[in-house]
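Hi,

Here is the structure I promised to pass on. Have a look at it first, and then read my notes below.

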Amino acid sequence: MTRTSPTSASGSNHRITTAVIGVITTCSLAVAYIPPLSRWATEGPSHCIVRSTTGFLCPVCGMTRATVALLHLDVLGALRYNALAIPFVGFLVWQIMVIAG
C-alpha cells in the first residue's frame, strides 16, 4: 500500500485549486472582453436550467452578467444582476493573491 505524505497531498490540492481559479479567471475575462461573448453574456437570453424548468430564480441567476459588469468596473450593474458576484469576485482576487504570493 502506498501512502502519500501530507505535504504531497496539500501540494496536489494547491495545484488543483490554482488550476480551477485559473480556468474561472480566464473564462471570465474572455466573456467580459471578447465582444461577441460579452454581448451574449449581457444581452442574451437566460440559460439557467432552474429558471427555465421551474420559473424561479436560483441563487446564481445573473452571476455571469454580474461578473462581466464587475470586470468592467460597473459595481451598480453587478448589484442589479446578482449581489453575490461581489464577494465571489473578491474571493477569486484574494485566492489569486494567496497563490501568487
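Let's start with a definition you'll need: a residue is called buried under 20% relative accessible area, exposed over 50%, and partly exposed in between (1.4 Å probe, protein chains only). Please keep in mind that this is a predicted model, where local features need pLDDT of at least 70, side-chain atom pairs count only at pLDDT 80 or more, and totals for chains, interfaces and linings use all residues. Residues are numbered from 1 along each chain as its sequence is written, and side-chain values use heavy atoms, with hydrogens and water left out.

With that in hand, take W94. It counts as partly exposed, because its relative accessibility is 47%. You'll find W94 in helix α6 (residues 85-100); helices here are DSSP runs (H or I, at least four residues; strands are E, at least two), numbered from the N terminus. Together with F91, V93, M97 and V98, W94 forms a nonpolar patch on the surface, with about 520 Å² of accessible area in total.

Now the whole chain. It has six helices and zero strands, and 24% of its 101 residues count as buried. The pLDDT (the predictor's confidence in each residue, from 0 to 100) averages 75 over the chain, and 71% of the residues score at least 70. Among the elements, helix α5 (residues 75-81) has the highest mean pLDDT, 89, while helix α2 (residues 35-43) has the lowest, 60.

Helix α4 (residues 63-71) is worth a look too. Seven of its nine residues are buried, so the rest of the structure largely encloses it. The buried ones are M63, R65, A66, T67, V68, A69 and L70.

Just after α4 comes L73, with a positive phi of about 65°, although L73 is not a glycine. Why point that out? Because most residues other than glycine have a negative phi. L73 is in the loop between α4 and α5 and is exposed, with a relative accessible area of 74%.

Then go to N82, in the loop between α5 and α6. In contrast to L73, which is exposed, N82 is buried at 9% relative accessible area. A polar atom of the N82 side chain lies 3.0 Å from the backbone oxygen of P59. Setting aside neighbours within four places in sequence, N82 is in contact (heavy atoms within 4.5 Å) with P59, V60, C61, G62, M63 and A66.

Cheers

Conventions:
Patches are made of residues with over 30% relative accessible area and no salt bridge: like charges are joined within 9 Å, nonpolar side chains (Val, Leu, Ile, Met, Phe, Trp, Tyr) within 5 Å. Accessible areas come from the Shrake-Rupley method with a 1.4 Å probe; for residues, only the protein chains shown count as cover. A salt bridge is a side-chain nitrogen of Lys or Arg within 4 Å of a carboxyl oxygen of Asp or Glu. A polar contact is a pair of N or O atoms within 3.5 Å; within protein, one must be able to donate a hydrogen and the other to accept it, and residues adjacent in sequence count only if both atoms are side-chain atoms.
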